[in-house]
Amino acid sequence: METTTARDGQKLSVRGQTSGKRYQSYSFSFSEPWLGGKKPIYFGLSAYTSSSSYGGFNYYTGEQMVKDSDLNRIWMTGVTATLGKRVQWPDNWFQVNTSLSFQRYKLQNYSNYFLFDNGTAYNINLTQEISRNTIDAPIYPTSGSNLKFSVQLTPPYSLFNKINYETSAPEVKYKWTEYHKWKFDSQWYAKIAGKLVFKAQAQFGFLGSYSNKTGISTFERFKLGGDGMQGFDFLQGSEIIAMRGYANGSIIPEGTQNVNIAMRSGSPIYTKYQMELRHPVMLNEQATVFVLAFAEAGNTWNKFSEYNPFKVRRAAGVGARIFLPIFGMLGIDYGHAFDPIPGLQSSQWKQNFTFSIMQNMGGF
């Protein structure tokens with residue numbers, strides 16, 4: 001269920017999803033593009049709570065077969081406040097957003113994902129984003145670029161707390177999540193001939209630690225591959241990066257020993273490149289439809305010393321998109337993976353469905 005209202009540019013959204021105890025998600029968001037009414041200062045506030053359970057349910061009927069304390073469960077609760085404004089230097093297309101977030105993860109018998117199975121972890125972080133957006137249209141861009149660079153930081157708890165990281169239990173050592181996270185995303189659009197549009201995109205993400213005592217955080221990692229749809233993965237604090245032709249989260253670092261755990265937890269470093277040729281079928285207020293051909297390449301790594309932006313897994317294929325104001329963007333792609341991933345996927349054609357709701361979150 002979702003309810004959205006808008007007035008004078010303000011947006012209020014309330015969403016709820018549930019399938020009983022197996023999955024529940026409730027969220028609230030509010031945005032004001034003209035805070036104070038005089039200058040284009042963006043303010044956004046969002047809050048959510050979600051939970052997921054597995055194990056102990058009948059596969060066919062969904063009936064719970066064990067008591068609550070024996071289920072494998074994760075709860076995630078969070079709130080984020082954002083302030084943003086346009087700046088006039090270096091030019092009028094730049095925008096600066098600052099966000100403060102609080103998240104709580106509660107785990108119960110939740111093995112093979114994190115550094116502990118039972119306990120509670122907290123993630124307090126500050127994100128600074130700088131962007132420059134000159135694209136001519138949000139649904140079917142034909143020219144311009146969209147560049148984003150962000151840094152996300154938590155306090156460096158391990159540098160000043162008194163925890164003995166060698167002897168303390170995992171749920172004590174990792175109660176306060178710490179990391180620094182760097183991301184860059186660039187998109188470019190240009191007309192080739194007539195209505196044929198070329199899109200190029202490059203992305204990069206790095207998750208690091210302040211101290212060798214803690215290691216890399218198991219939250220906020222990147223999962224590369226598949227349709228890019230969140231599913232339940234966001235409950236593990238993961239960032240989902242689409243790469244067509246491959247299964248969801250299947251692009252893991254080479255030489256990984258435990259493939260299943262690597263897929264579940266994600267990787268601390270990723271790079272992805274994309275090229276698309278797009279041609280419209282219909283462009284009007286009621287619907288936007290276009291077809292596309294794409295080539296993509298990307299990979300993940302565990303250490304920056306192993307990072308090689310030219311050693312990537314490749315894919316190519318075709319697809320189509322349709323945008324309906326009442327539904328958002330719907331899509332289907334057929335992609336072929338050229339570089340098999342041992343133990344997970346061979347070279348093959350794979351079908352991906354996509355769905356997204358387009359909203360103005362931080363723009364003016």
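Tutor: Start with G78, which stands opposite Q103 in β6. This is a predicted model, so read each pairing and contact as a computed feature of the prediction. The strand β6, residues 94-108, pairs with β5 in the antiparallel sense over 15 bridges. Six residues lie between β5 and β6, and the two strands form a hairpin. On its other pairing, β6 meets strand β7 (residues 119-133), again antiparallel, over 14 bridges. There, S99 has T127 of β7 as its bridge partner.

V79 counts as partly exposed because its relative accessibility is 36%. It belongs to a nonpolar surface patch together with L12, V14, F28, L45 and F102, and these residues have about 420 Å² of accessible area together. As a general point, side chains in a regular strand alternate between the two faces of the sheet.

Now look at S53, in strand β4 (residues 41-54). Is S53 buried or exposed? With a relative accessible area of 7%, S53 is buried. Its side chain makes a polar contact of 2.8 Å with the side chain of R73. Leaving aside residues up to four places away in sequence, S53 touches K21, R22, L71, N72 and R73.

On to the charged side chains: the structure holds 13 salt bridges. One of them joins K183 and E239, with the closest N and O atoms 2.9 Å apart. That pair links distant parts of the chain, since K183 sits in strand β9 (residues 180-193) and E239 in strand β12 (residues 239-241), 56 residues apart. K183 is partly exposed, at 25% relative accessibility.

R244 and E276 meet in another salt bridge, at 2.8 Å from N to O. R244 lies in the loop between β12 and α2 (259-265) and E276 in strand β13 (residues 269-283), so this pair ties together parts that are 32 residues apart in sequence. Both partners are buried: R244 has a relative accessible area of 5%, and E276 has 3%. R244 and E276 also belong to a network of salt bridges that includes K272, R278, E296, R321 and D333.

Finally, D339 and R314 form a salt bridge of 2.9 Å, N to O. Here D339 counts as buried at 18% relative accessibility, whereas R314 is partly exposed at 43%.

Terms used. Residues numbered from 1 in each chain as written. Predicted model: local features only at pLDDT ≥ 70, side-chain atom pairs only at ≥ 80, totals over all residues. Heavy atoms only, no water. Patch = residues over 30% accessible without salt bridge, like charges linked within 9 Å, V, L, I, M, F, W, Y side chains within 5 Å. Areas by Shrake-Rupley, 256 points an atom, 1.4 Å probe, with all protein chains shown as cover. Salt bridge = Lys/Arg side-chain N within 4 Å of Asp/Glu carboxyl O. Buried < 20%, exposed > 50% of the residue type's maximum accessible area, 1.4 Å probe, protein only. Helix = DSSP H or I, 4+ residues; strand = E, 2+ residues; numbered from the N terminus. Polar contact = N/O pair within 3.5 Å; in protein donor to acceptor, adjacent residues only side chain to side chain. Contact = heavy atoms within 4.5 Å. Pairing = 2+ DSSP bridges.
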